[in-house]
Amino acid sequence: MVGTVGLNVLAPGKIALITGSSHAIFGVSAQAIYGAGFFWRLHRCCGSRQYVVEGGQVSTGSIVKWFQDNFCGGLLEEANRQGLGLYELLNKRAEKLACRF
């Protein structure tokens, strides 16, 4: 939750997506929000009359790490040659893929 402060998600209508071993989604609202899919909600967050709600996806960040460890063999060297991080290189390659939905 502290990451929401660093991302300036401090006013109603703002949302933070925080990636770690899981993905957490935090939103700020002027009213209390209840519903399926919310992990929990903080009332009167930081002494204000705002509410913070949380949802997310468990282990999604761990899956990204697993993909890197198992399928990105020589890409780290390529990323280093280009002055990129591995995930930056993967994002650049993904941008070139044709999506067919």
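## A short tour around helix α4

Start by selecting α2 (60–71) and α4: each gives at least two residues to the lining of the largest pocket. Keep in mind as you click around that this is a predicted model.

**Stop 1: the pocket.** Now pick out V64, F67, Y87, L90, N91, R93 and A94, and you have the lining of the largest pocket on screen. The space in there comes to about 160 Å³. Which helix supplies the largest share of the lining? That's α4, with five residues. Colour your selection by class and you'll find five nonpolar residues, one polar and one charged.

Stop 2: To see who makes the contact, show L75, L76, E78, A79 and Q82 on the α3 side, then L86, L89, L90 and R93 on the α4 side. Sorted by class, this contact has six nonpolar residues, one polar and two charged.

**Stop 3: a salt bridge.** How many salt bridges does the structure hold? Two. For one of them, select K65 and D69, whose closest N and O atoms sit 2.9 Å apart. Both residues belong to helix α2, and they are four residues apart, about one turn of the helix.

Methods: Residues numbered from 1 in each chain as written. Predicted model: local features only at pLDDT ≥ 70, side-chain atom pairs only at ≥ 80, totals over all residues. Heavy atoms only, no water. Contact = heavy atoms within 4.5 Å. Nonpolar A, V, L, I, M, F, W, Y, C, P; charged D, E, K, R; others polar. 1 Å grid on protein atoms, 1.4 Å probe; cavity = no way out; pocket = protein on both sides within 12 Å on 5 of 7 lines; lining within 4 Å. Points joined across faces, edges and corners; volume = space filled by probe spheres on them. Salt bridge = Lys/Arg side-chain N within 4 Å of Asp/Glu carboxyl O.
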